[in-house]
Amino acid sequence: MNRLFSQQFHGMAVIITGILQISFFLFCTVLVLYHVLSGPESREETQKPEYYASVQVHSGESLWDISKRYYTSEYKSIRQYIRKIKYLNHMADEDLHAGAYLIIPYYE
């Protein structure tokens, strides 16, 4: 009797394992198809390309002045935008020198 119960239990375990494996495979297939079918065109609409310009600093200009000229709403804040400019140009502070060139990121 125990042997019969053990064989039935093992048979059910094999069936349940098979069902779980097939379900997992189908789930993964649906995820991959959704990702592929959503396509790059839908992702491109939400993300604009970021460009970079080389800008010469004029006498009396501050980093804030230059940032206000190129800042757009794609950046979280003007402060975050200035941090990015400082990072791109390896700047420790906001001191600028007339005639120097800065790499400025921007969106069209």
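A salt bridge is a side-chain nitrogen of Lys or Arg within 4 Å of a carboxyl oxygen of Asp or Glu. In this predicted model, glutamate 50 and lysine 84 meet in such a bridge through their side chains, at 2.9 Å from N to O. Local features in the model need pLDDT of at least 70, side-chain atom pairs count only at pLDDT 80 or more, and totals for chains, interfaces and linings use all residues. Residues are numbered from 1 along each chain as its sequence is written, and side-chain values use heavy atoms, with hydrogens and water left out.

The protein chain holds three helices and two strands. Helices (H or I, at least four residues) and strands (E, at least two) are DSSP runs, numbered from the N terminus. Along the sequence their order is α-β-α-α-β. The chain has 108 residues, and 19% of them count as buried. Buried means under 20% relative accessible area, exposed means over 50%, and partly exposed lies in between (1.4 Å probe, protein chains only). The accessible surface comes to about 8,900 Å². Carbon and sulfur atoms make up 62% of that surface. Accessible areas come from the Shrake-Rupley method with a 1.4 Å probe; for residues, only the protein chains shown count as cover.

Side chains of opposite charge can pair when their charged atoms come close. The count of salt bridges comes to three. The bridge between glutamate 50 and lysine 84 links distant parts of the chain, 34 residues apart. Glutamate 50 lies in the loop between H1 and S1, and lysine 84 in helix H3. Lysine 84 is partly exposed, at 24% relative accessibility. A further salt bridge joins glutamate 74 to lysine 48, with the closest N and O atoms 2.9 Å apart. This pair also links distant parts of the chain, at 26 residues apart. Glutamate 74 sits in the loop between H2 and H3, whereas lysine 48 sits in the loop between H1 and strand S1 (51–56). Glutamate 74 is partly exposed at 33% relative accessibility. Lysine 48 is partly exposed at 46%. Glutamate 61 and arginine 69 form another bridge, at 2.3 Å from N to O. Here glutamate 61 is buried, with a relative accessible area of 19%. Arginine 69 is partly exposed, at 46% relative accessibility.

Six aromatic pairs are counted. Rings of Phe, Tyr and Trp (its six-membered ring) pair if their centres lie within 6.5 Å; planes under 30 degrees apart count as stacked, over 60 as edge-to-face and the rest as tilted. The ring centres of tyrosine 71 and tyrosine 81 lie 5.8 Å apart and the planes stand at 65°, so this pair is edge-to-face. Tyrosine 71 lies in the loop between helix H2 (63–70) and helix H3 (78–88), and tyrosine 81 in helix H3, so the pair ties together parts ten residues apart in sequence. Tyrosine 71 is partly exposed, with a relative accessible area of 30%. Tyrosine 81 is buried, at 0%. One aromatic cluster is formed by Tyr71, Tyr75, Tyr81 and Tyr107.

A nonpolar patch on the surface consists of Val32, Leu33, Val36 and Leu37. Patches are made of residues with over 30% relative accessible area and no salt bridge: like charges are joined within 9 Å, nonpolar side chains (Val, Leu, Ile, Met, Phe, Trp, Tyr) within 5 Å. Together the four residues have about 410 Å² of accessible area. Valine 32 belongs to helix H1 (residues 2–46). Valine 32 counts as exposed, at 52% relative accessibility.
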